[in-house]
Amino acid sequence: MTGPHGVLEVLADRVRGRSRPGERRDGHRVALAIEGGGMRGTVSAGMALALHDNGMMPAFDAIYGASAGAITGAWLLSGTPERLTGWAEPLYARAMIRPSNLLRGRPMVDVRNLVEHLYREVTRMDFDAVLANAVEYHPLATDVRTGRSTDLRPHLTDAADLRLALRASAALPFLAGPPVELAGRLYYDAGLAESIPYRTALAQGASHVLVLRSRPAPRTVREPPPAAPGPSHGARLIAATVLRRHPEALHRAFLTRDRRLLHDDALLARYDQAGP
């Protein structure tokens, strides 16, 4: 590659031209896709904050977030994106990772406490500002009934729905407790179906996607082997216990997510190496 990547070229043109959502003239739809990954979200949150600090957020038309990436995306659009530094603060970790909850019969990853207490009463997020932002917000989650990645944006009618969407996107089976109900459907963590939320962005018409990873990208392009790698012992155990009463479609999504990640790694590596 001898020049800047095509995605970066479009973003740079928009920044130079002070382009704003709803006032585009270039015919592109540019999305920011933020990977999940629990406390690994600290990594992608740092990159997201750098985009804000460099005045690049108005160059995007939409933000797609999975799990921790959905939380980061909400902070970016909240009016106080500088609070993304909370990912690296002990207060944040203590609010979400609570081993003592196991003694009380509650989930160890307490996303409810994080969203409903910390974000409402301590380090306050302006939920209304997220919903009103000209940059579209698309938190993803996994539909329990279908096992498919689902965009929760159509259900975001008010701040309460937004908080439920944040919790649903990060509702890890077993670790974070039962699925979260929103608009009459049950949802688990987006990572069961789409850990890196670029596919939904492309399916919804994005011409360019900038992906923020929380895991290191592979150094070389390598296609997944023809034989699908089997699920880990831990994954099989969770499927047989925590997910046993849920539809088979959810089991398949959960047990095949490692292979999907291999495909994502290979495809995104090819995109990275594409010429301008």
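1. Arg120 and Glu116 both sit in helix 5, four residues apart, about one turn of the helix. Helices here are DSSP runs of H or I with at least four residues, strands are runs of E with at least two, and both are numbered from the N terminus. An α-helix has 3.6 residues a turn, so residues three or four places apart point the same way. The side chains of Arg120 and Glu116 form a salt bridge, 3.5 Å from N to O. The term means a side-chain nitrogen of Lys or Arg within 4 Å of a carboxyl oxygen of Asp or Glu. Glu116 is buried at 17% relative accessibility. Arg120 is partly exposed at 41%. The cut-offs are under 20% relative accessible area for buried, over 50% for exposed, and partly exposed in between (1.4 Å probe, protein chains only).

2. A word on the source. This is a predicted model, where local features need pLDDT of at least 70, side-chain atom pairs count only at pLDDT 80 or more, and totals for chains, interfaces and linings use all residues. Residues are numbered from 1 along each chain as its sequence is written, and side-chain values use heavy atoms, with hydrogens and water left out.

3. How many salt bridges are there by this rule? The count comes to 14. One of them joins Arg14 and Asp61, at 2.8 Å from N to O. Arg14 lies in helix 1 (residues 6-16), and Asp61 lies in the loop between helix 2 (41-53) and strand 2 (62-66), so the pair ties together parts that are 47 residues apart in sequence. Both Arg14 and Asp61 are buried. A network of salt bridges links Arg14, Arg24, Asp26 and Asp61.

4. Arg185 and Asp143 also meet through their side chains in a salt bridge, 2.8 Å from N to O. This pair links distant parts of the chain: Arg185 is in strand 6 and Asp143 in strand 3 (residues 136-143), 42 residues apart. Asp143 is buried at 4% relative accessibility. Arg185 is partly exposed at 25%.

5. Stay in strand 6 (residues 185-188), which also holds Leu186. Leu186 is partly exposed, with a relative accessible area of 36%. Contact means heavy atoms within 4.5 Å. Leaving aside neighbours within four places in sequence, Leu186 is in contact with Thr142, Asp143, Val144, Pro179, Val180 and Glu181. The C-alpha atoms of Leu186 and Ala141 are separated by 9.5 Å, and these residues are 45 apart along the chain.

6. Now helix 7. Nine of its 11 residues are buried, so helix 7 is largely enclosed by the rest of the structure. Among the buried ones are Asp161, Leu162, Arg163 and Arg167. Asp158 caps the N-terminal end of helix 7, with a side-chain oxygen 3.2 Å from the backbone nitrogen of Ala160.

7. Asp161 lies in helix 7 (residues 159-169). The side chain of Asp161 does make a polar contact with the side chain of Thr157, at 2.3 Å. A polar contact is a pair of N or O atoms within 3.5 Å; within protein, one must be able to donate a hydrogen and the other to accept it, and residues adjacent in sequence count only if both atoms are side-chain atoms. Not counting residues up to four places away in sequence, Asp161 touches His155, Leu156 and Leu182.

8. The charged end of Arg163 sits over the ring of Phe127, 5.3 Å from its centre. The rule asks for NZ of Lys or CZ of Arg within 6 Å of the ring centre and within 35 degrees of the ring normal.

9. A search of the whole structure finds one aromatic pair. The rings of Trp75 and Tyr119 have centres 5.2 Å apart and planes at 85°, so the pair is edge-to-face. Rings of Phe, Tyr and Trp (its six-membered ring) pair if their centres lie within 6.5 Å; planes under 30 degrees apart count as stacked, over 60 as edge-to-face and the rest as tilted. Trp75 is buried at 2% relative accessibility. Tyr119 is buried too, with a relative accessible area of 2%.
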